[in-house]
Amino acid sequence: MPEGDTIHSAARRVGAVLVGHEIVEVETPQRRHAMDRWPERLAGREVHAVDAHGKHLFIRFEGDLTLHSHLRMTGKWGVYRRGERWRRSPRRAWLVIRTADHEVVEFDGPVLELMTESRTRFDRRLAMLGPDVLAEDFDESRFLARLRGDDSTRGVGDALLDQRTLAGIGNVWKSEGCFMAGLDPWRRTGEVSDEEALEVVRGIRPLMRMSVERGGRIVTYAGPNHPARPGARGSDYWVYERTGLPCRRCGTPIRARGQGDDNRTTYWCPSCQS
Ligand SMILES: [Zn+2]
């Protein structure tokens, strides 16, 4: 599932080819959008900005119209030169925006809607979002207020995934962040101090921002001599998808179990995180 760093990175790539370039064509190939008349409504408008909040991406057109998308589990943004082969089947395209030189394609996008700017501001789902973990001026006190306003019996690993508390975090960063902070993801949030919760966020933020710089490729573990050295090549994790393998710090087998109402798998070292 795409996490915040992947979406922010996509927003950069999409923005780079759309902002300041004439939009020559907009296409919505799926039947669900056949009646929406987006091509007509967007014809001739410039794109002012492309930005992300958490896992939501916004393409802002002049004249108060914004395309809002959320990729859910399988979606992907593609940016191609005209004539370049798409990396997914054209049948899976939900939106195609063409300039003279590029094609921007959203594949497998279950959430795709055209809204007015004012509606995006008042949309309940968007207003509910917690502070964006990738925001330059990340609001720690708002994050803590949301965390404390939530059910205090929730395991912290589950609570951290709630986009109303922290927008943009996903399963990889949740597991890696708890490990790096030495925090047991199964502890109830009521038993986790503000400092402990903040340590998770402060640990993953620079790595996620690095990941955006590098086009959405994640590294948390880069070898025994350079633990968590951002910018290293490859993609390796401390605990994520390492079930049964020895912990890179202490050798204890890494464990994995579904957590929370959505049963998202949490990976952890039972000895480093106790
Ligand atoms: Zn360990």
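Trainee: My eye is on cysteine 250: at what relative accessibility does it sit, and what does it count as?

Mentor: Cysteine 250 counts as partly exposed, because its relative accessibility is 36%. For the cut-offs, buried is under 20% relative accessible area, exposed is over 50%, and partly exposed is in between, using a 1.4 Å probe on protein chains only. Before we go on, this is a predicted model, in which local features need pLDDT of at least 70, side-chain atom pairs count only at pLDDT 80 or more, and totals for chains, interfaces and linings use all residues. Residues are numbered from 1 along each chain as its sequence is written, and side-chain values use heavy atoms, with hydrogens and water left out.

Now the metal. Cysteine 250 is one of the residues holding the zinc ion, which is coordinated at 2.3 Å by the SG atoms of Cys247, Cys250, Cys269 and Cys272. A donor here is an N, O or S atom within 2.8 Å of the metal (3.2 Å for Na, K and Ca), and with water absent from the atoms a site may look incomplete. The arrangement is tetrahedral because the four donor atoms subtend angles of 103 to 115° around the zinc ion; that label needs all angles between 85 and 135 degrees. Along the sequence, the donor residues follow the spacing C-x2-C-x18-C-x2-C.

Glutamate 241 belongs to the loop between α8 (194–213) and β9 (255–259), where helices (H or I, at least four residues) and strands (E, at least two) are DSSP runs numbered from the N terminus. With 55% relative accessibility, glutamate 241 counts as exposed. Aspartate 64 also has a positive phi without being a glycine, near 70°. That residue is in the loop between β3 (56–61) and β4 (65–70), and its 38% relative accessibility makes it partly exposed.

To get some distances, take glycine 130 and threonine 243: they are 113 residues apart in sequence and 30 Å apart in space, C-alpha to C-alpha. Glycine 130 is in the loop between α4 (124–127) and α5 and is buried, at 0% relative accessible area. Leaving out residues up to four places away in sequence, glycine 130 touches several residues (contact means heavy atoms within 4.5 Å), among them His53, Arg142, Arg146 and Leu166.

In soluble globular proteins, nonpolar side chains tend to be buried together. The largest nonpolar core here has 36 residues, and Val133, Phe143, Leu160, Leu166 and Trp173 touch the most other members. Such a core is a set of buried Ala, Val, Leu, Ile, Met, Phe, Trp, Tyr and Cys residues joined through side-chain atoms within 4.5 Å. Two or more residues each come from α5 (140–149), α6 (156–160), α7 (171–180) and α8, and α8 gives the largest share, eight residues. Another core, of 27 residues, lies apart from this one and includes Val47, Leu57, Trp77 and Leu112.

Last stop, a sheet. Four strands form an open sheet in the order β1-β6-β7-β5, with antiparallel pairing; two strands pair if DSSP finds at least two bridges between them. Its edge strands are β1 (25–27) and β5 (76–81), each pairing on one side only. From one strand to the next, the twist averages 15°. β5 and β7 (residues 102–107) run antiparallel and share six bridges, while five bridges join β6 to β7. Valine 105 in β7 is the bridge partner of glycine 78 and also of valine 96. A hairpin of three residues joins β6 to β7. Six of the six residues of β7 are buried, so that strand is largely enclosed by the rest of the structure. Helix α1 (residues 4–18) lies across β5, β6 (93–98) and β7, at about 35° to β5, taking axes as lines fitted to C-alpha atoms (for helices over the stretch in contact) and angles from 0 to 180 degrees between N-to-C directions.

Note on methods:
Tetrahedral: all angles 85-135°; square planar, octahedral: opposite > 155°, others 65-115°.
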